[in-house]
Amino acid sequence: MALTVMDSSMRYGLVSRSLHWGMALLFVWQFCSAAARVFLEDTAIEGFLWGTHSQVGVVLMALVVIRAVWALINASRRPPAVSVMAKLGHLALYGLMIAVPAIALIRQYGSGRSLDVLGIHLMSGGGERIEWMTNLGGLLHGELGWALLALVVGHIAMAVLHRRLTNHSIMTRMA
């Protein structure tokens, strides 16, 4: 198979595949950092992983925007969805991949704390606390993050099941 940059009706191109698998690795890191925060609180592992959580979250949000723009550019060339449910599942994944970090950024802004990501100053600190913003983040960020994990696990399970039940490997479109 030739390495093509653009997507085709049979297979995703190099850019789509790189974004997919690169983001998958970063999401594994994010979910591990969140799990460490819950299950390994006040340990060196939690300190190490959790210290990167907001940085990786902002990078992932930027990548999902890039990925969505790339998907729109390639919309007429991409492999078709295997079902309406697959299409809805992907829309839910994209929605949560945007909503979860957006809510965290709202909470961060409302906290009045600064935010620097990879040496880039995104938010100044010292501002007044905005209660509704911090409450929104406290209420939804973690819960929607775990919902995103459940969708990711479902996404993986459905790809495997599709292969087993139809003997057609849709995974080769993204591999």
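Which helices each supply at least two residues of the lining of the second largest pocket? The tour returns to this after a look at the whole chain.

**Whole chain**

Start with everything shown. This is a predicted model. Five helices and two strands make up the chain's elements, and their order from the N terminus is α-α-α-α-β-β-α. Along the principal axes, the C-alpha atoms fill a box of roughly 55 × 35 × 30 Å. Colour by burial next: of the 175 residues in the chain, 32% are buried. If contacts are drawn between residues at least 6 apart in sequence, 64% of them join residues at least 24 apart.

**Largest pocket**

Now colour the helices. At least two lining residues come from each of H1 (14-39), H3 (53-73), H4 (84-111) and H5 (131-166). H5 gives the largest share of this lining, 11 residues. Coloured by class, the lining shows 33 nonpolar residues, seven polar ones and four charged ones.

**Second largest pocket**

Clear the selection and pick Gln30, Trp50, His53, Ala104 and His141. These lie nearest the centre of the second largest pocket, which 30 residues line. The volume of this pocket is about 640 Å³. The opening question can be settled here: H1, H3, H4 and H5 each supply at least two residues of the lining. By class, 18 of the lining residues are nonpolar, nine are polar and three are charged.

**Helix H4**

Select 84-111, the range of H4. The helix has 28 residues, and the distance from its first C-alpha to its last is 40 Å, close to the 40 Å expected at 1.5 Å a residue. Show its side chains: the buried ones include Leu93, Tyr94, Met97, Val100 and Ile103. Ala86 and Ala104 are also among the buried residues of H4. What do the buried residues of H4 pack against? They pack against H1, H3 and H5, and also against strand S1 (115-117) and strand S2 (120-123).

Zoom in on the start of H4. There, a side-chain oxygen of Ser83 comes to within 3.4 Å of the backbone nitrogen of Met85. At the other end, Gly112 follows the helix, and its phi is positive, near 80°.

**Gly125**

Setting aside residues up to four places away in sequence, Gly125 touches Gly112, Arg113 and Ser114. Is Gly125 buried or partly exposed? Gly125 counts as partly exposed because its relative accessible area, 44%, falls between 20% and 50%. Draw a distance from Gly125 to Glu143: the two are 18 residues apart in sequence, and their C-alpha atoms are 26 Å apart.

**Thr134**

The last stop is Thr134, in helix H5. With a relative accessible area of 8%, Thr134 is under the 20% cut-off and therefore buried. Show the side chain of Arg129 as well: a polar contact of 3.3 Å joins it to the side chain of Thr134. Leaving aside neighbours within four places in sequence, Thr134 is in contact with Arg107, Gly110, Ser111 and Arg129. Of these, Gly110 and Ser111 are among the buried residues of H4.

Methods. Residues are numbered from 1 along each chain as its sequence is written. This is a predicted model: local features need pLDDT of at least 70, side-chain atom pairs count only at pLDDT 80 or more; totals for chains, interfaces and linings use all residues. Side-chain values use heavy atoms; hydrogens and water are left out. Helices (H or I, at least four residues) and strands (E, at least two) are DSSP runs, numbered from the N terminus. Ala, Val, Leu, Ile, Met, Phe, Trp, Tyr, Cys and Pro count as nonpolar, Asp, Glu, Lys and Arg as charged, and the others, Gly among them, as polar. On a 1 Å grid over the protein atoms alone, a cavity is a set of points where a 1.4 Å probe fits but cannot get out, and a pocket is an open set with protein on both sides within 12 Å along at least five of seven lines; lining residues have an atom within 4 Å of a point. Grid points are joined across faces, edges and corners, and a volume is the space filled by probe spheres set on the points. The expected span of a helix is 1.5 Å times one less than its number of residues. Buried means under 20% relative accessible area, exposed over 50%, partly exposed in between (1.4 Å probe, protein chains only). Contact means heavy atoms within 4.5 Å. A polar contact is a pair of N or O atoms within 3.5 Å; within protein, one must be able to donate a hydrogen and the other to accept it, and residues adjacent in sequence count only if both atoms are side-chain atoms.
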